[in-house]
Amino acid sequence: MSPTDSARPEGGALRPDDRSATGRDDAPGRHGGATEAASSRDRGRPRDPAIEAAVLKAVRHRLALDGYARMSIADVAADAGVTRPTIYRRWPTKLELVTAAVDYALTRFAPLLPPPDDDRSAFDDLVGLLRILNEAMTSPDGGFDMISAVLAERRQTPELTAMMREHGIEPRHALLESALRRGRERGELRADLDTDMLATMLQGSLLQSYLRTGEFDPDLPHRIVTTIRPAIAAS
């Protein structure tokens with residue numbers, strides 16, 4: 001068997017997303033029998049949430065630091081303190097791994113979202129949501145840096161951009177639009193309000209502010225809502 005053959009997973013073909021831009025092979029079978037033995041020992045063990053959290057945090061860090069193409073599974077495993085078979089058992093491809101990291105970054109902030117409350121005004125809802133999204137965007141744990149890394153790959157890996165749109169952008173957009181619709185239905189906001197466009201503008205304001213200043217502004221959500229309130233409030 002040639003050295004190349006020993007680097008191939010089952011099926012013979014080396015997966016393209018297991019190789020970094022430097023040419024290093026991160027396929028799970030690279031180390032032959034030792035890797036297979038470790039995988040066999042671990043097979044059937046229940047998943048450890050702490051391990052998954054460590055891996056996904058390492059992915060977000062490496063994605064922001066190295067970019068998608070150069071991010072290697074070996075580096076992610078080393079940062080997380082786990083083996084590569086541990087990662088491949090949970091996420092067979094790099095795209096699946098990054099998708100899970102994006103989902104995790106969003107769900108980390110889900111418990112902070114205030115539940116719908118008829119006693120709270122639509123404007124208070126918007127300020128609360130924008131504050132959480134603003135903190136998430138500027139968080140070193142998977143915000144703007146991760147979005148930038150994904151956008152940098154939009155031509156080479158369009159499926160990565162589609163994944164970010166589905167798992168990162170759209171859920172945030174839906175949260176804002178839902179709050180706007182509730183306000184419209186309760187008569188607080190204009191009946192002819194385009195909630196889809198306004199949700200896009202609100203989320204875009206957070207991004208534009210960070211791009212322009214490079215700084216986190218904790219008062220930005222309140223300033224945004226105060227500025228648009230006269231234009232969207234019901235007369």
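Modeller: Helices are DSSP runs of H or I with at least four residues and strands are runs of E with at least two, both numbered from the N terminus. On that basis Arg-223 lies in helix H11, residues 220-232. The model is predicted, so local features need pLDDT of at least 70 and side-chain atom pairs pLDDT 80 or more, while totals for chains, interfaces and linings use all residues. Numbering starts from 1 along each chain as its sequence is written, and side-chain values use heavy atoms, without hydrogens or water.

Arg-223 has a relative accessible area of 45%, so it counts as partly exposed, the class between buried (under 20%) and exposed (over 50%), with a 1.4 Å probe and protein chains only. Its C-alpha is 8.9 Å from that of Val-127, although 96 residues separate Arg-223 and Val-127 in sequence.

Asp-194 is another partly exposed residue, at 47% relative accessible area.

Of its 235 residues, 43% count as buried. Among contacts (heavy atoms within 4.5 Å) with a separation of 6 or more, 68% join residues 24 or more positions apart. The protein exposes about 12,600 Å² (Shrake-Rupley method, 1.4 Å probe), and carbon and sulfur atoms supply 53% of that area.
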